[in-house]
Amino acid sequence: MSAPLLQVKAVETYYGNIRALNGVDVEVHRGEIVCLIGANGAGKSTLMMTICGSPQARTGAVMFEGEEITRMPTHEIARLRIAQSPEGRRIFPRMTVFENLQMGASLDNLKYFNEDVEKVFTLFPRLKERQAQRGGTLSGGEQQMLSIARALMARPKLLLLDEPSLGLAPLIVKGIFEAIKKLNKEEGLTVFLVEQNAFGALKLSDRGYVMVNGRVTMSGSGKELLANPEVRAAYLEGGRH
Amino acid sequence: MANIASTSASAGSDLTARALREAVFAGLISLGLFVLFVGLKSDQNIRNELVLNQRWGLLSIFVIVAAVGRFLMVAYVQPAMARRKAAKAEADSVVKEETFFKRHFSKIAIVALIFYPPVILALVGVQGSLKWVDNFGVQILIYVMLAWGLNIVVGLAGLLDLGYVAFYAVGAYSYALLSTYFGLSFWILLPVAGILAAFWGMILGFPVLRLRGDYLAIVTLAFGEIIRLVLINWTEVTKGTFGVSGIAKATLFGIKFDASKDGFAAMMGLSMSSAYYKIFLFYLILALALLTAYVTIRLRRMPIGRAWEALREDEIACRSLGINTVTTKLTAFATGAMFGGFAGAFFAVRQGFVSPESFVFLESAVILAIVVLGGMGSLTGIAIAAAVMIGGTEILRELSFLKAIFGPDFTPELYRMLIFGLAMVVVMVWKPRGFVGSREPTAFLRERKAISGSFTKEGHG
């Protein structure tokens, strides 16, 4: 296999003196959907944020397309076409849906805006209906769609999704996961997602990593992990949707 | 039919009776409250003895005001408000058609402002126009421009700046000092003042890049004070508290506004009056303010303006979209400061005198209050707020008839801050987002779609 698109090598990240990530190794190859599952406080979101350079890893390295991005500021990492739908969605509440999407396309200064906006509106027709509405007035699911759509407007090589299912009704989660799958299949978009909803995430993904206390304890294909008795016991029993 | 008429008539007399009753109560309560505070005043007589002055006349005015006010409130204001509320609830389902006046408000306002000086001249004559053009026109427009400048920093980029007056001071002193020491003309120094203020905006910007909200507010407040203290203490250059006086006036394409043979009045065949200079200044500040508005409107539609607004909403999301928050913040500070600098240079040329006293914290507070009252980000709202606040304080100076009631020592303009504060509380209770609280979106897909009302309501999309 060729060199991975994203490679996280022995990364340790600290909050003050507290070690949140303890030597994490993760690889994401082109065209894959990779998920990272784990319990609350395992360090999933920290890994996501470390990839984006805020906070930066204290040791280890983050490589993107073979170049080290460990010490780059967040906005420059974003300019390498690593788009993120951050935890808590973080849409711009007083700006309209349309303006939110414009912000997503600001890397190319709206050069491909018109064609891309049609694409995301086909992917999420709800956003088209709501395009003149202020972001803050959308429902949780619509905000999540907007957050993903805004990330897509940057024409990303790698899409990072931090808990896209958080706080959403199962039916809406299903819709969002389907949209991600579609993007991956039709556009060949590489996706790395962090999820607590282990069942849905593993089913969606080509490969998965399991994180416990700042370490990756297990990895394998989505199917393998779904079948693994330890994973089932820890994350799936009772958690099935 | 007759039945209904009689019930409404009896309801009317009921209301009047209730209003009268409440008016009497209000009068009694205010009598009890004010009898010691207002009715009696302790004073010293010539032998340093304590004497009590009785002020029954003043007390009765207080009581009458309270009683009449309560009567009007109960009998007329409250029913009217209830009716309006009911009418509004009924009309809410109907799509509101904006009136012609509302839709073209800004265009009408600009035209009205352009014709303001000639109309005033025609109405009150050359000498009488001084007060109206200078005190009301120019004074209000200076604050409109300052508030629009601050609006870029506070309203668009969301960076709370309590030291905006510092840039106003930088602009004013840039013009005052460079013109007295080097004899440069206003038209050269106007952009220079803007550039210098923008430069100081960047200087302020760098150390506060990591701060937000309250912390940023405190640092900017300190910055404003530092500039003022430098102006006071750097006496060799700024002449300290004495200020710089005799600042050169502006010229119109080299034509001076003085009594000389080639002055403006002589050339136009008019009798010499300072009113023409004031009218010239009026158009100058009007042009500067409109420039500020134009630039703000244009920038909002450009990437940098969108980035400012996004920055106000969510800094982390901005970074994750590849926006450099450092340059975005610095440009916001610099652009806002530049307009403050322009306004400062204009202030210096208008007064002919600058001293640090004009640039106290209160000025920053007033400008910020105008921005907040008008509705952050809304140019129209801010202009209205400036007209109300600054025009209001100017009107206070005109209320000399109040001396007849409160005695000859009464100076209404001393109550300016009290009224200011009251007005702010009232506006914030009634319209928490300012006069114009809804944000106008900058971009639409194809046709505009109707968006109803404020941001709290759902729009039809």
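This is a predicted model: local features need pLDDT of at least 70, side-chain atom pairs count only at pLDDT 80 or more; totals for chains, interfaces and linings use all residues.
A:Leu6 stands opposite A:Val28 in strand 2 of chain A.

Strand 1 (residues 6-15) and strand 2 (residues 18-28) of chain A run antiparallel, with 8 bridges between them. The two strands make a hairpin, and 2 residues lie between them. In that turn, A:Gly16 has a positive phi of about 65°.

Four strands of chain A take the order 2-1-4-5, with antiparallel pairing. Strand 2 and strand 5 (67-68) of chain A are the edges; each has a single partner strand, so one side of each has no neighbour in the sheet. A helix lies over this sheet.

The order is 6-7-8-3-9-10, and the pairing is mixed. Strand 6 (82-85) and strand 10 (215-221) of chain A hold the edges; each has a single partner strand, so one side of each is left open in the sheet. From one strand to the next, the twist averages 15°.

Which sense does the pairing of strand 7 and strand 8 of chain A take? Strand 7 (residues 158-162) and strand 8 (residues 190-195) of chain A run parallel, joined by 5 bridges. Within this pair, A:Leu160 stands opposite A:Phe192 of strand 8. Helix 6 (residues 140-152) of chain A covers strand 6 and strand 7 of chain A, and runs at about 170° to strand 6 of chain A.

Now the contact between the chains. Chain A contributes 29 residues and chain B contributes 27. On the chain B side, the elements that give two or more residues are helix 11 (303-313) and helix 12 (315-320) of chain B. Helix 11 of chain B gives the largest share, 6 residues. By residue type, the chain B side divides into 13 nonpolar, 6 polar and 8 charged.

Chain B itself is assigned two domains. Domain 1 spans 9-85 and domain 2 spans 109-430. Taken over C-alpha atoms, the centres of domain 1 and domain 2 of chain B are 41 Å apart.

Inside chain B, take B:Leu190. This residue sits in helix 6 (residues 186-205) of chain B. Is B:Leu190 buried or exposed? B:Leu190 has 21 C-beta neighbours inside 10 Å, so B:Leu190 counts as buried; the cut-off is 20 or more. Beyond the neighbours within four places in sequence, B:Leu190 is in contact with B:Phe342 and B:Ala345. B:Tyr175 lies 15 residues away along the chain, with a C-alpha separation of 7.1 Å from B:Leu190.

Helix 13 of chain B covers residues 325-351. Helix 13 of chain B has 27 residues and reaches 39 Å from its first C-alpha to its last, close to the 39 Å expected at 1.5 Å a residue. This helix is mostly covered, with 22 of its 27 residues buried. Just after helix 13 of chain B comes B:Gly352, with a positive phi of about 75°.

Notes:
Residues are numbered from 1 along each chain as its sequence is written. Chains are lettered from A and ligands numbered from 1 in the order in which they are written. Two strands pair if DSSP finds at least two bridges between them. Axes are lines fitted to C-alpha atoms, for helices over the stretch in contact, and angles run from 0 to 180 degrees between N-to-C directions. Two residues are in contact if their C-beta atoms, placed from the backbone, lie within 7 Å. Ala, Val, Leu, Ile, Met, Phe, Trp, Tyr, Cys and Pro count as nonpolar, Asp, Glu, Lys and Arg as charged, and the others, Gly among them, as polar. Domain bounds come from an automatic or database domain assignment. A residue is buried if 20 or more other C-beta atoms lie within 10 Å of its own, exposed if 12 or fewer, and partly exposed in between; C-beta atoms are placed from the backbone. The expected span of a helix is 1.5 Å times one less than its number of residues.
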